[in-house]
Amino acid sequence: MNLGLLFYFITRFHALLFLHLCLLVVGTPYISSSFSYNPDLKSEVNSTHISVLNYNVRVFNTYAYLQNKNTPGKSMVNWIAKNDADIKCLQEFYNDNKSEVFNTTSRIAQANNNAVVVKPAFVNRIGAQFGLAIFSRFPIIHSGEVLNEESKHQHAIFADVNTGEDTIRVYNTHLQSMSIDENKIGEFEQAKENYLNIAKKLRFGFVERAKQVDNLVNHILQSPYPVIVCGDFNDLPYSYTYLTLKQHLSNAFEEAGHGFGFSYNGKLFFLRIDNQFYSKQLRATSFNIYRDISYSDHFPIRAEYSLNP
């Protein structure tokens, strides 16, 4: 828009051209974060390749109020189980070993003979697990949690996977949510009445995510292996969270994606809050958003990487 207005005012020799020129210059560093265009990338012939799926599954819609004809939990589980990604990182994971439908750990693992790391942040009264999960067709030689130093609350887990040629540390993270009810978006009067409450929630989210990403980056910097960081970051590509990770890692969408990369499936459809970051020793060769898979309020994303010899 600014580019169009710049040319418009140039043709009219209007002083406003300098305003739009300045806006373009200031916004230039964020263009690659907003829009990506990459020609078809080729993988190195002699390198090892690895594919990674990332998906916030919204507890597989296990609760009745989350379900309708378009969001059956069983279909979501089946889709994930059939996806042939080498590694699958799931946020808002749910598992109930007593259920024929939601015994998700065994169903997904058995479909691809996966090694599994499930770290429940919460277990309910019937023994069902809620949290984060990593599935890998490669052997997992070590795993652990990244905990909030103050509250000891889990906001990321990791698994060291042996690809045969190398070992990669894969992080799965789910950072602090905004906790804003999007169903109230557009109800101006109600939003106006509650603006202080909304502002407090936004501020709390910004502060908590900043703490969490600092803690996560410190953990990443101590990794003995190259890393891939997947997750629902609940933050935009212009945020402290995103830019802090970009100081140390590359972003798969920016390096191998196409278009705007919107990953949220809701009223705020223009949000890209699900990401994969990776170490410089790796190379992203493709990035895809499954926008036809609308079971959850997030779309699944998948990236392919070359592990250079």
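**Ground rules.** I number residues from 1 along each chain as its sequence is written, and my side-chain values use heavy atoms, with hydrogens and water left out. As the model is predicted, local features need pLDDT of at least 70 and side-chain atom pairs count only at pLDDT 80 or more, while totals for chains, interfaces and linings use all residues.

**Entry: the sheet.** I took helices (H or I, at least four residues) and strands (E, at least two) as DSSP runs, numbered from the N terminus. Two strands pair if DSSP finds at least two bridges between them. I looked up an open sheet of 6 strands and read its order as β3-β4-β2-β1-β12-β11, with mixed pairing. Its edge strands are β3 (115-123) and β11 (282-289), each of which pairs on one side only. From one strand to the next, the twist averages 20°. For such angles, axes are lines fitted to C-alpha atoms, for helices over the stretch in contact, and the angles run from 0 to 180 degrees between N-to-C directions.

**Entry: strand β4 and its partners.** I then followed β4. Strand β2 (residues 87-95) is joined to β4 by 7 bridges, and the two run antiparallel. β3 also pairs with β4 in the antiparallel sense, over 8 bridges. Glycine 131 in β4 is the bridge partner of phenylalanine 93 and also of proline 120. I noted that β3 and β4 form a hairpin with 5 residues between them, and that glycine 127 in the turn has a positive phi of about 90°.

**Entry: helices on the sheet.** Contact here means heavy atoms within 4.5 Å. Helix α4 (residues 73-82) packs on the sheet, where it touches β1 (48-56) and β2, and its direction makes about 170° with that of β1. Helix α5 (residues 104-112) packs on the sheet as well, touching β2, β3 and β4, with its direction at about 160° to that of β2.

**Entry: nonpolar cores.** I used these burial classes: buried is under 20% relative accessible area, exposed is over 50%, and partly exposed is in between (1.4 Å probe, protein chains only). A nonpolar core is a set of buried Ala, Val, Leu, Ile, Met, Phe, Trp, Tyr and Cys residues joined through side-chain atoms within 4.5 Å. In soluble globular proteins, nonpolar side chains tend to be buried together. Which members of the largest core touch the most other members? I found Ile87, Ile228, Phe287 and Tyr305, out of 28 residues. Not counting residues up to four places away in sequence, tyrosine 305 has contacts that include Thr48, Val52, Ile228, Ala252 and Tyr278. A second, separate core has 24 residues, among them Leu53, Tyr55, Phe102 and Phe135.

**Entry: salt bridges.** I counted a salt bridge where a side-chain nitrogen of Lys or Arg is within 4 Å of a carboxyl oxygen of Asp or Glu. How many does the whole structure hold? The search finds 7 salt bridges.

- Arginine 169 pairs with aspartate 160, with the closest N and O atoms 2.6 Å apart. Arginine 169 counts as buried because its relative accessibility is 7%, and aspartate 160 is buried at 2%.
- Glutamate 208 and lysine 211 meet at 3.6 Å, N to O. Both lie in helix α7 (residues 195-221), 3 residues apart, about one turn of the helix. Glutamate 208 is buried at 15%, whereas lysine 211 is partly exposed at 36%.
- Arginine 209 pairs with aspartate 235, the closest N and O atoms being 2.8 Å apart. This pair links distant parts of the chain, 26 residues apart: arginine 209 is in helix α7, and aspartate 235 is in the loop between β8 (227-232) and α8 (240-246). Arginine 209 is buried at 0%, and aspartate 235 is buried at 8%.

I also noted that salt bridges with shared partners join Asp84, Arg302 and Glu304 into one network.

**Entry: proline 139.** I found proline 139 in the loop between β4 (129-136) and β5 (140-147). Is proline 139 buried or partly exposed? Proline 139 is partly exposed, because its relative accessibility is 48%. Beyond residues up to four places away in sequence, proline 139 touches Asp160, Val161 and Asn162.

**Entry: threonine 244.** Threonine 244 sits in helix α8 and is buried at 8% relative accessibility. The threonine 244 side chain reaches the backbone oxygen of tyrosine 240 at 2.6 Å. Leaving out residues up to four places away in sequence, threonine 244 touches Val213, Asp214 and Val217.

Definitions and conventions: A polar contact is a pair of N or O atoms within 3.5 Å; within protein, one must be able to donate a hydrogen and the other to accept it, and residues adjacent in sequence count only if both atoms are side-chain atoms.
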